[in-house]
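Please have the sequence and the coordinates open.

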Amino acid sequence: MTFYTASETPRPIRLSEPTRRFAYDSLHHRYGLDTRKVPAVSLDSVEGIETMTDLDRYDAAIRAIALHAPIRICEGERLSGAATLGLAIDHAVPATIGGKPVCHSISHLTIDFFDVLRIGCDGIIDNIHASMQTHTQPREVRFLESALSCMESLKIWHGRYLEALQDRAEYRANYEALCRVPFAPPRSFYEAVQSVWFIFAFVRLCGNWPGIGRLDAMLGPYLQRDLAAGALTRDEAREILAHFLIKGCEWITGTSNGSGDAQHYQNLVLAGVDENGVEVTNDVTYLLLELIEELGISDFPITLRLREDSPPELLTAAAEVIRHGGGVVAVYNEDLIIESLVNYGYPLADARRFANDGCWEVQIPGETCFSYAAFDGLEILQSVTLGGYAEGVDYPTYEALYNAFIRDLSARVGRICREWIDRRLEIGEDRSVSWKPQGTCTLVSLFERGCIAKARSYLEGGPNHTVYSPHIGGLADIVNSLYAIRKLVYEEKRLSLPELLAILREDWAGNEELRRHAAEKYRYFSNDNDAVDAIAVQLLADFSAACRAVDGFGAVKFPAGVSTFGRQLEWAPHRFATPFGKHKAAVLAGNCSPTPGTDKEGATAIIRSYCKADLRLQQSGAALDLRLMPRDVAGEAGLQTLVGLIRGFLALGGFFLQPDVADAAELRRAQADPENYPTLSVRISGWNARFVTLQKEWQDMIIAQMEKA
């Protein structure tokens, strides 16, 4: 029984054969196909459903899911609870009226599992009753009533599992754990893992895609106590955690799903300090890395919070996982991100607890309503500042061109943020802020700090932080375009700007020599060229300033970020030829990474160029994708090379690094023969996907990136 690896180094075998068999079945879509058999529960027979309010329908939907969703107990499972309705895989609340989902679900959040462990769901129910004593407005009362209804639905679903398990001797441990959790605080490591899993399973059974966050910080203290007391061994703990990861593969279907069938945002953030500045790295951290190395499970993208003084053994453990391929482990620069958040106004204790939103954007887990708006910055340069390459467009100097672009960029950012404000907020003449009614989402609101205390939902100002982050896309493409124009027009004076734009309008037709000069003679972004990198430094600073200019509504933050999340595919048909030699409709740069084909100097130069900007100004995140070949990380020397790249990234001031090891030739074989590569995983952008479930356009993009590695 083997699991795919891009490395020549074999994966270690530590787990029991039954657990490895369970993993094989799950990764090879046994349970995902089973989930597809029942798409949703129907509300058609619920009396008065057509005339109910949206919140009443939502409560009815959660109740019907709790009552009627299939109960699944996998053979030999150590943890119980399963998300068994197919529409949840498609990011919808799996309850229908007339065959259509009753309401939307929520993602890009990390829910508060810490309070589930600390006080249990009974403690959360007590908090709801306490809030009812102080909130008497009809809208507040109705929200709290919905919160109690959702908790009652959770109890119903929980009771169905107890009933299914109670007479089956082989699941006695599962039953006894569920007799206590998640409603009471866990007493042991096993109960803690079961508690987190059960809540996670119910939240996503109801269609939501939550991140998990800092699992080692949650579970480490329980494991430490149990190991010290001799209540279990490290090997037993590994088996329990393995079942957590394997259960999380229950939505694998093995079928094409556009951007991949592992994109469910159930990310883990490991290592780093707690809110008091104390390192949390523990046995759970290392056990999870060991499990990912052995099983190659890509459904829980892991980001390690690392510092320059992080333990050497932690960096080595990370590198050992990374070199197997799949892009499962990424890196946050913890010190830089904490400083970034504090500079932005977060309290230090909050900043130290940062995690992500189920992708890679930074947030304070369990108390942030997060959303973002990615936009094509290259489109602004081409279509607005350069007027769609129309005749008559000219700027007397490079500085005039750059300043016009920043003016246009700032206007786009302002419009994006003001449109969000208009949708979500009522601003009084005295600048007072109130929240407009939004979609129903009571279940996730139960597990976001602030919602119950304020008697407000997740989407209506309930969490302690609401964040809407503008994300600039095409960064390298903008920088390279500006640099090429500066060189061709203003420094070398080969032609005027109107003449260059006329050539670009014709997609370089008849000007191949000039196109090749622009494409090949200049060292563009990601080659450690100070002249071009300085444009990126200034551009990111000016973009951040444009976002900060919209801040001032205490109810919401607008931090800057850099991303594409694969949108370079959908943007490509609308892009013109670029001044740096690319033809129109080319698939260009992703995230904060090089434009394909322009990076000539290797991984170290890519990192150096990326790190020259003050990335503390991109508080939401700036992702660098780093593609490596298996030969680059082979053997002990390759392992140390990978550790050195990570250390250099941290020392130079990087923000977020997504390394991936893959062979373009292997990817082409998988594209041609998908049945023989069902578990082959690649990093996309904050998530991993099994390669054969990607659309061909996505596959071709990944292959092209790897061929340039």
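## Leu381

Is Leu381 buried or exposed? In this predicted model, Leu381 has a relative accessible area of 1%. Buried means under 20%, so Leu381 counts as buried.

Leu381 is part of helix H14, which covers residues 377–385. Leaving aside residues up to four places away in sequence, Leu381 touches Leu386, Phe405, Ile478, Ser481 and Leu482. Tyr402 is 21 residues from Leu381 along the chain, and the C-alpha atoms of the two are 9.4 Å apart.

## Helix H21

Helix H21 runs over residues 530–548. Its 19 residues, at 1.5 Å a residue, should span 27 Å, and the end C-alpha atoms are 27 Å apart, so the two values agree.

The buried residues of H21 include Val532, Ile535, Leu539, Leu540 and Phe543. Asp533 and Asp542 are also buried. The elements that cover the buried residues of H21 include strands S11 (368–376), S14 (465–473) and S15 (561–562). Helices H15 (398–424), H18 (475–491) and H23 (603–611) are also among them.

## Strands S11 and S14

Strand S11 is mostly covered, with seven of its nine residues buried. How many bridges join S11 to S14? There are nine, and the two strands run parallel. Asp376 has Gly473 in S14 as its bridge partner.

Note on methods. Residues numbered from 1 in each chain as written. Predicted model: local features only at pLDDT ≥ 70, side-chain atom pairs only at ≥ 80, totals over all residues. Heavy atoms only, no water. Helix = DSSP H or I, 4+ residues; strand = E, 2+ residues; numbered from the N terminus. Buried < 20%, exposed > 50% of the residue type's maximum accessible area, 1.4 Å probe, protein only. Contact = heavy atoms within 4.5 Å. Expected span 1.5 Å × (residues − 1). Pairing = 2+ DSSP bridges.
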